[in-house]
Amino acid sequence: MVDRKAIRIVCDLRKDRDTFGRPNGGEPIAVVQGEADTLKLEVSITDHGSPFNLTGCSVELCAARPNGTSVIDAATITKALYGRVDYLVPGVLGAVVGRVRAHFKIKCNGVEIACAQPFFFDVARGVDISDAGATDYLPKYDEHMRAMEQATANANAAAQSANTAAASANSAIDKAVTEIVPDEVANAVASEMAKYSAVSFSVNPDDGGLDITYSY
């Protein structure tokens, strides 16, 4: 769902701005070129400062763009009795950079009966990124992304190689252990011990180690 910004403005049917103020305080409403349906105007239409009853009426926004073309678009009446109208700013209104002059027109049975105070939109130029070659940023971004992907691939390959080497080493150790025959080890020890007539053991008082003495 689009996160829409809402701006509340009051537009009086009288054009006496000093008496009834100016819509949005006289400040133009900022729009970015190319944006559509992201800005909603919550409008109160008044007559001499009092809510204008819009029952049985329709409301249109009429706008003149900087290139001399016009935009006429329907607004939505939300509370007719209180003159409340919502208007979702379309992309076509901000298609041309510059200042747009606009006002709301009220019709009853298809006949125009009144126009409210005019107000303005300031359309700022948008950033065109449709062409990747138009800037240096996107190619550099892609270059960094490729380098990061390559580094990740290299790290994964190194990890796989290390895992293979570890598995190979473990296999060699297991093989060496399983090939030692316990009986052969015991026989070799017994054969070596038979060379001596006596073997004595004592604890070394200096280092606490075990001294072995062989006698022939």
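Arg-8, Lys-40, Glu-42 and Asp-86 are joined in a network of salt bridges, a salt bridge being a side-chain nitrogen of Lys or Arg within 4 Å of a carboxyl oxygen of Asp or Glu. The structure is a predicted model, in which local features need pLDDT of at least 70, side-chain atom pairs count only at pLDDT 80 or more, and totals for chains, interfaces and linings use all residues. Residues are numbered from 1 along each chain as its sequence is written, and side-chain values use heavy atoms, with hydrogens and water left out.

By the salt-bridge rule, the count comes to 6. One of these pairs is Arg-8 with Glu-42, whose closest N and O atoms are 3.0 Å apart. Arg-8 belongs to strand 1 (residues 5–12) and Glu-42 to strand 3 (residues 39–47), so this pair ties together parts that are 34 residues apart in sequence. Strands here are DSSP runs of E with at least two residues, numbered from the N terminus. The two partners can also be described by their accessibility, where buried means under 20% relative accessible area, exposed means over 50%, and partly exposed lies in between (1.4 Å probe, protein chains only). Arg-8 is exposed, at 69% relative accessible area, whereas Glu-42 is buried, at 15%.

A further salt bridge brings together the side chains of Lys-107 and Glu-60, at 3.7 Å from N to O. Lys-107 sits in strand 9 (residues 98–108) and Glu-60 in strand 5 (residues 57–64), so the pair ties together parts that are 47 residues apart in sequence. Lys-107 is partly exposed, with a relative accessibility of 22%.

Strand 9 also holds Arg-99. This residue forms a salt bridge with Asp-122, and the closest N and O atoms are 2.8 Å apart. Distant parts of the chain are linked here as well, for Asp-122 lies in strand 11 (residues 119–124), 23 residues from Arg-99. Both partners count as partly exposed: Arg-99 has a relative accessibility of 47%, and Asp-122 one of 28%.

Terms used:
Helices (H or I, at least four residues) and strands (E, at least two) are DSSP runs, numbered from the N terminus.
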